[in-house]
Amino acid sequence: MEDRSQKLFERAKRRIPGGVNSPVRAYTAVGCTPRFIESAKGSRIRDVDGKEYIDYVCSWGPGILGAAHPRVVRAVQEAAESGLSYGAPTEREVELAELIAEMVPSIEVSRLVNSGTEAVMGAIRTARGYTGRDKIIKFRGCYHGHSDALLVKTGSAALTTSVPDSAGVPGGATKDTLIAEFNDEVSVAELFLANPGKIAAVIVEPVPANMGVVMPKWPFLRFLRDITNRNGTLLIFDEVITGFRLAPGGAQEYYKVRPDLTTLGKIAGGGMPLGVYGGRREIMDMVSPVGPVYQAGTLSGNPIATAAGLETLRILKEDPQIYTRLEEKTRQLADTAREAGGDRVSVNQIGSLMSIFFTENGVNDYKKAVSSDTETYADYFRYMLDHGIYLAPSQFEAMFVSDAHTQEDIEETCQRLREYLKL
């Protein structure tokens, strides 16, 4: 059978850096050719060679309902018939902001942008403007997009390719970025002691999912809330991945910790390019045109993305049992991997997020994540792909489960997990 993916990849490499428009898609870390995708529906994805897979990438998170959900598709089609973009306010922008505020009470006021990266840029700038301070704290292995100030000791594809920092980022761009260790309270406290009155914000993925899925120890997130309160520093939750995935109100609802600012993406756009940053009114009133913190975007809040996001959030709000179903299905996968893999694997799972690390050590921080056996992960990835299971082509990304995954999908995946882990 003709391998159209291989031929497309060769064509792509002549005109696109590395043949892909986002680094992890190149399959570099797993040693094979990327599958070029033709279509997706429900829990299944199909490549250009006609091979169908059970999809656990879910477009890297947005597909919580599965691909091409009929209501979301219909909402996008109806919106498109009225025009793709106006560069002007629309009613849906207001409705989406209202629904976000209802589902995530810490976000009293929000600004729509086009991506998670833009959302984080806006949140950091707003925090600096509000506090009058320059320094920020981020955590090693947490990924907050590719803006200069945050592309240091990062995760996601930068970790996959062993380039945690980027060429082209001037030293001055990161001089005010301080690095702490996730789940390590002492490392955070030491930075506050060394920089009294200088730290504008602490930004954290409440559940990191870009060094693989890593859960916060109890009470790490509560500690971050307390230490930022004591120091007049804003706490930013980057919920681009966890927002609307762990609960209707995201990780902050799940862990009952309320940040000052939140960034959203992925599910918030229903699979279309959309990001959000928002928080308390007094902070967001710093944003132009009300305040002096400038941020703008031609396509921000465009009618197609808001239609997809609004319909997706409405479905999640109407059927909160989605989260129970997601938890049960993902736990079944995790339990199977633990049982079959024994001491050879460490499995992290929370809600519909999951990672299998090939290490006998439990993974709860960056150091333990990067010490796992990535060569075995690559072998595991290839085995599952060959047997119709589509996983993230990197140890350091999450496995996503959707409401469209059937019990048959889960059982088939469990069978493949048992086969591989008992080899």
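Predicted model: local features only at pLDDT ≥ 70, side-chain atom pairs only at ≥ 80, totals over all residues.
Apart from its neighbours within four places in sequence, Leu316 is in contact with Ile64, Leu65, Met103, Phe244, Ile267, Ile322 and Tyr323. Phe244, one of these partners, is found in the loop between strand 8 (234–238) and helix 9 (250–255). Its relative accessibility is 0%, so Phe244 counts as buried. Phe244 also has a positive phi of about 65° although it is not a glycine.

Helix 11 also takes part in a helix pair. Two packed helices are described by the angle between their axes and the distance between the axes. For helix 2 (residues 70–80) and helix 11, the angle is about 150° and the axes are 8 Å apart. Angles over 145 degrees count as roughly antiparallel, and helix 2 and helix 11 are therefore roughly antiparallel to each other. Their crossing is right-handed. On the helix 2 side, the contact is made by Arg71, Val72, Ala75, Val76, Ala79 and Ala80. On the helix 11 side, the residues are Pro303, Ile304, Ala307, Ala308, Glu311, Thr312, Arg314, Ile315 and Glu318. By class, this contact has 10 nonpolar, 1 polar and 4 charged residues.

The other pair is helix 12 (residues 321–341) with helix 15 (residues 407–421), packed at an angle of about 15° with axes 9 Å apart. Angles under 35 degrees count as roughly parallel, and helix 12 and helix 15 are therefore roughly parallel to each other. The crossing of helix 12 and helix 15 is right-handed. Helix 12 contributes Lys329, Gln332, Leu333, Thr336, Ala337, Ala340 and Gly341 to the contact. Helix 15 contributes Gln407, Ile410, Glu411, Thr413, Cys414, Leu417, Arg418 and Leu421. The classes here are 7 nonpolar, 5 polar and 3 charged residues.

Two buried residues show contacts between parts of the chain. Ile107 is found in the loop between helix 3 (91–103) and strand 4 (109–113), and at 1% relative accessibility Ile107 counts as buried. Leaving aside neighbours within four places in sequence, Ile107 is in contact with Ile100, Ala101, Thr262, Leu264, Gly278 and Gly279. The C-alpha atoms of Ile107 and Thr263 are separated by 9.5 Å, although the two residues are 156 residues apart along the chain. Thr117 is found in helix 4 (residues 116–131) and is buried, with a relative accessible area of 13%. Not counting residues up to four places away in sequence, Thr117 touches His144, Gly145, His146 and Ser147.

The backbone remains. Most residues other than glycine have a negative phi, and most peptide bonds are trans. Besides Phe244, Cys58 has a positive phi, of about 50°, although it is not a glycine. Cys58 is found in the loop between strand 3 (52–55) and helix 2, and at 6% relative accessibility Cys58 counts as buried. The peptide bond from Trp218 to Pro219 is cis, with omega near 0°; Pro219 is found in the loop between strand 7 (199–204) and helix 8 (220–230). Ser288 and Pro289 are also joined by a cis peptide bond, with omega about 15°. Pro289 is placed in the loop between helix 10 (281–284) and helix 11.

Terms used: Residues numbered from 1 in each chain as written. Heavy atoms only, no water. Contact = heavy atoms within 4.5 Å. Axes fitted to C-alpha atoms, helices over the stretch in contact; angles between N-to-C directions. Helix = DSSP H or I, 4+ residues; strand = E, 2+ residues; numbered from the N terminus. Parallel < 35°, antiparallel > 145°, perpendicular 65-115°, else oblique. Left-handed = near helix turned anticlockwise from the far one by under 90°. Nonpolar A, V, L, I, M, F, W, Y, C, P; charged D, E, K, R; others polar. Buried < 20%, exposed > 50% of the residue type's maximum accessible area, 1.4 Å probe, protein only.
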